[in-house]
Amino acid sequence: MMRVAAFVLLLLCTACGDDGPPAAPSGPPQRIVSTLPGITEMVCYLGACDRLVAVSPYCDYPAEVERLPRVKVHPFDVEAVLRMKPDMVIVDERLHRQDLAVIRKRVPGLLVLDTSRSLDSVMASMKRLADVLDTDEARTQAKRWDVRAAVEVYLHEPEGKPRVSVLIVGQWDPLYVMGKGSLLDDLVTTCGATNVAWDLEGDASGTFSEELVLERQPDWILTPRTPMPDRIRKRWKGVPAVKNGRIVDGSGDDLVRAGPRVLEGLHRLARLLREPIK
Amino acid sequence: MSGRWIMAALFVVLATGAALCMGPADLSPGDVWGALTGDEADSVKHTIVHRVRLPQVLLGLLVGAALSVSGVLFQALLRNDLAEPYLLGVGPGALLGVTIAAVFFAGSADASTVPLLRGVFAFLGAIGVAAIIFSFARKGVRRTSVSVLLAGIAIGAFVHAIATGMLHTLDDWPRVVRWLLGDLSLAEYQQVAVLGAVLAVGGLAAWAWARDLDVLTLGEEAAWFGGVEPRRSLWLLGGLACLLAAAAVAQCGLVGFIGLVVPHIGRRLFGPGHRTLIPAAALLGAGLLVLADGLSRELHPPQGFPLAVVTAALGAPMLAWLVHRKAG
């Protein structure tokens, strides 16, 4: 009886024991797992594509990463990640917030980046990644991107001009939009426009009342990959964006991926939103 | 008696008026009235009222009525005060049908036929679950209505799990929440017309069989003496109850509590006779659901609350109060 009790106690101790996070290897990482397309693009932009050993199922750029093994990242598959024997796993703070405490305990060399909130957060993530990769090429590339970003922002930030309003749709049924705190919102506001879902609470995106769209009359609508359904087009026929055909595909990777190509997205968006409003 | 009818009708009118005035857009009751009676078809207020709120309110009225009448029928057929479409698994069965239509036909079928497929599959799902439950009831008079209800809860939970699992594969949580917790926000006049027709047929048929329902509530033997064939009535009226519940679920997802609470309120106010109970439940259910939907839009803007959260928040205290009064 005592033996059984001792065994159960031992099992409980093992189950409840917290050894803390696994030790991270010293020196710059050589086997990296990236869990987000934007992060993968950053790693490659900084010249470390050859250090990637696995990526998320959604990573498809640049072409070099297409041959890499995939790991499930949402929900986070710890076992699949550990099987790749990584010395660094890069996750996004917002995407993995729910699981972060558990991942931290089980994955060695975890790097948490906050990439998807704004241009500034992309910039900060790029710098941090360059420091971690610890090569001259990475630091130079990060600095170059930083300067380019500052120039793009300067060029596209209009002053004193009338602001247009934009609705950023993530999904039509039910209506799901991007609000403050999302990268697209930051890009739109950088271009001098206002996001009509400025009061959306929660984590940057959420369901949104259709009548507020009708009341706030957006001049532009950025759409997801799926086109605007006919029934919504009919209901919104009085909205300036629909009336004037100002509905643009906002699902391009350059707009939705928090990575180096976001500056191209900003450029594209700024040119679009600068078109005169009737 | 007539005073109660006037009160019920007044409740529906007031609830409809209040729901038309509720929502995140800044519209006063005067604006709403102006939009309803004026002819400024191009104004923003007119568009909000006519294209968003009015179809939503009309669909809410019909969904509330359909669920309530379905609840009345199930409670009478199974002689159990707890019987209602959601608890019996008929609602989850309809949801499974809707999910199958969404998963297998959304991409392949013509967009205009998807709502029809959704309705047909919802009915098949509901009737499938009901057939299993009724086969328990069919096995004899000895089987208590409690065991039938328990079977319904078990099958409902199983079917609900399958539907949720299938919705999960869509990797689309906003849509999952919409179907699991009810949503009327994308209501269209075509949906109103379809559900209106189903409710008219189903409601009138139920009303025509009101006497049979009265007799059935007295028990199987009494039903035989009263000239009612219980098995035939169970399938016929049960099918009707499934049709009404499935039609409601196909339009707006799962909404609990209405089918449970409203028949009790109706019985309390109008008595147990089904000739009056069916239209009374339809009126009260319509008013209650439209009020809940208005609140779901008004609270927590601009996102709103899921409809089922508000119906449960309104319905649960009402049911508790009724039980307390009955016990007293």
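Chain B gives 22 residues to its contact with chain A, and chain A gives 20. Residues count as in contact if their C-beta atoms, placed from the backbone, lie within 7 Å. This is a predicted model: local features need pLDDT of at least 70, side-chain atom pairs count only at pLDDT 80 or more, and totals for chains, interfaces and linings use all residues. Residues are numbered from 1 along each chain as its sequence is written, while chains are lettered from A and ligands numbered from 1 in the order in which they are written.

**Chain B side of the A contact**
- Helices H3 (44–78) and H7 (173–181) of chain B each give two or more residues. Helices are DSSP runs (H or I, at least four residues), numbered from the N terminus.
- H3(B) gives the most, with six residues.
- By class, this side has nine nonpolar, five polar and eight charged residues. Ala, Val, Leu, Ile, Met, Phe, Trp, Tyr, Cys and Pro count as nonpolar, Asp, Glu, Lys and Arg as charged, and the others, Gly among them, as polar.

**Domains of chain A**
- An automatic or database domain assignment gives domain 1 (27–152) and domain 2 (165–273).
- Their contact takes 17 residues from domain 1 of chain A and 15 from domain 2 of chain A.
- On the domain 1 side, H2(A) (37–45) gives the most, with five residues.

**Helix pair H5(A) and H6(A)**
- The axes of H5 (119–133) and H6 (136–156) of chain A come within 8 Å and cross at roughly 165 degrees. Axes are lines fitted to C-alpha atoms over the stretch in contact, with angles from 0 to 180 degrees between N-to-C directions.
- That makes H5(A) roughly antiparallel to H6(A) (angles over 145 degrees).

Terms used
Parallel < 35°, antiparallel > 145°, perpendicular 65-115°, else oblique. Contact = placed C-beta atoms within 7 Å.
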